[in-house]
Amino acid sequence: MNERDSEAVAAQLVAKGYTLAASETVADVILLNTCSVRDAAEQKAIGKMQTLAAETRRNRPEVVLGFMGCMAQSRGQELIDRLPDVDLVIGTQKFHRTADYLDDIFAGKRDKVVDVAEEQGSEATIREHVLNGNTASKPVTAFVSIMQGCNQRCTFCIVPYTRGAERSRGIADVVAECRELVGRGVREITLLGQIVTSYGRREIPARDGKSGFVQLLEAVHEIDGLERIRFTSPHPKGYGDDLVEAYGRLPKLVESAHLPVQSGSDAMLKAMHRGYTREKYLGIIAKLRRVRPQMGVTTDIIVGFPGETEADFEDTLSLAREAEFDNAYIFKYSPRRDTPAADMPGQLPQAVKEERNARLLALVNEIAGHRYDALVGRSMEVLVEGPSKRNAARLMGRTRCNRIMVFEGDANQRGTLLHLQIERAGSFTLYGRMANGES
Ligand code: SAM
């Protein structure tokens, strides 16, 4: 989501006549988009700004420095008080004002700008894309922001305080953006929101038992030339029968679900205010795999939540075994200000969090390794995205279940769908070759 927000701001600046700088050492404006989900992310952004300030103020004092996004939203003026070299602090509902504020600063109308106010309609302002360049560098995949904010109030999470309440864009508005992207060569779209399955909950009435989100999926599915639809992040609570059933009839909806579980212990899920049990969660995965047996499931897990006992953690290990995740993002619990969990009793020492993180990571890697190995010898459809990052002589694409595949191919296959034979599996990467008859 942060990448998408940054891209929209970059595109808005380009539309105003700015050009993207090749690196921060030659840029006239340097904006850091920030995340507040864990303290480590905030400290990293502050450290980076301190380095930038020291470098630019010595050699190029005219450079404008700014923070955007979640940390800007939660800390506001405090950031300038702490780092006086910062000129601009832009909150999460004000990304689209960045260009105007820069104009004011360059014109000498304002010295410093801090804007972290709420703005009605801001959910529909993240829409511009950077699609410049020749065909060889134009993106094949794109993110589209469908909503802002979150009403879930998980006890560990700062997002409702930094991104505000849930607000959704209209279906026609989202579809128009997707259509334009497809017109420019995009073949796969990922719909983005903090909890996408809550899309349109207040704004769009259910129709024929279908939620606003399923209605949006149907509308995007209609776009000619679009090959694949993904979305992230959903909430397990959002997997009603209408969404599960949509997988059975919307072929562009790929077999991939990022389903944040957070814990395998019912006691922890309750304390986290997640709104489902372990059994319910595993039931959702089973339903999805019944409709689409190839469904690739990834997740987010927090270890070391306040009060997490060894037995609670073992429930998480056993859930990971049962769910057979393709991958999991594991986070060590980080107390966030103003969140209920930060004041809960039973805060765990860092060493316990580290140890549980390492054990869970080893298990997740082992399970994923088996799942990847089991694919060797099979043929899978890949959307070719471009040169492989590690070896530009080879191409890289993604399977429908969101696994990366690397193979020998031709640069003009970019943007096409190929069926590849899987020859070998590495760490979270498949290696393939053109199946017989494919040219
Ligand atoms: N909206 C998604 C949901 O709630 O299902 C997740 C969005 S959050 C930005 C990404 C992940 O960060 C969460 O799923 C959670 O695992 C992790 N996270 C959030 N708050 C955290 C905290 N205080 N400490 C550690 N990890 C945290």
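Guide: A salt bridge is a side-chain nitrogen of Lys or Arg within 4 Å of a carboxyl oxygen of Asp or Glu. The model is predicted, so local features require pLDDT of at least 70 and side-chain atom pairs count only at pLDDT 80 or more, whereas totals for chains, interfaces and linings use all residues. Residues are numbered from 1 along each chain as its sequence is written, and side-chain values use heavy atoms, with hydrogens and water left out.

Visitor: How many salt bridges does the structure hold?

Guide: One example is the pair Arg-202 and Glu-166, whose closest N and O atoms are 2.9 Å apart. Salt bridges also form a network that links Arg-4, Glu-7, Arg-127, Arg-169, Asp-173 and Glu-177. For the structure, the number of salt bridges is 46.

Visitor: How far apart in sequence are the parts that Arg-202 and Glu-166 tie together?

Guide: Helices (H or I, at least four residues) and strands (E, at least two) are DSSP runs, numbered from the N terminus. Arg-202 forms a salt bridge with Glu-166. Arg-202 lies in the loop between β8 (188-192) and α8 (212-221), and Glu-166 in the loop between α6 (159-163) and β7 (167-168), so the pair joins parts whose separation in sequence is 36 residues.

Visitor: Which helix holds both Glu-245 and Arg-249?

Guide: These residues form a salt bridge, with closest N and O atoms 2.9 Å apart. Glu-245 is partly exposed at 41%, and Arg-249 is partly exposed at 32%. Because they are 4 residues apart, about one helical turn separates them within residues 241-249, that is, helix α9.

Visitor: Which residue forms a salt bridge with Arg-371?

Guide: Arg-371 lies in helix α13 (residues 350-373), and its partner lies in the loop between α12 (310-323) and β12 (327-332), so the pair ties together parts 45 residues apart in sequence. Both residues are buried. With closest N and O atoms 3.0 Å apart, the partner is Asp-326.

Visitor: How many disulfides are counted?

Guide: A disulfide is a pair of cysteine sulfur atoms within 2.5 Å. The sulfur of Cys-150, a buried residue at 9% relative accessible area, has its closest cysteine sulfur in Cys-154 at 6.3 Å, which is too far for a bond. By this rule the count of disulfides is 0.

Visitor: Which residues touch the most other members of the largest nonpolar core?

Guide: A nonpolar core is a set of buried Ala, Val, Leu, Ile, Met, Phe, Trp, Tyr and Cys residues joined through side-chain atoms within 4.5 Å. Beyond four places in sequence, Phe-231 is in contact (heavy atoms within 4.5 Å) with residues including Leu-191, Phe-213 and Tyr-247. A second, separate core of 18 residues includes Phe-67, Ala-72, Ile-80 and Val-86. In the largest core, of 58 residues, those that touch the most other members are Ile-146, Leu-191 and Phe-231.

Visitor: Which element gives the most to the lining of the second largest pocket?

Guide: The second largest pocket has a volume of about 660 Å³. Of its 20 lining residues, Ala-10, Leu-13, Leu-20, Ala-21 and Val-29 are the closest to its centre. On a 1 Å grid over the protein atoms alone, a pocket is an open set of points where a 1.4 Å probe fits, with protein on both sides within 12 Å along at least five of seven lines, and lining residues have an atom within 4 Å of a point; points are joined across faces, edges and corners, and the volume is the space filled by probe spheres set on them. With 6 residues, the element that gives the most to this lining is α1.

Terms used:
Buried means under 20% relative accessible area, exposed over 50%, partly exposed in between (1.4 Å probe, protein chains only).
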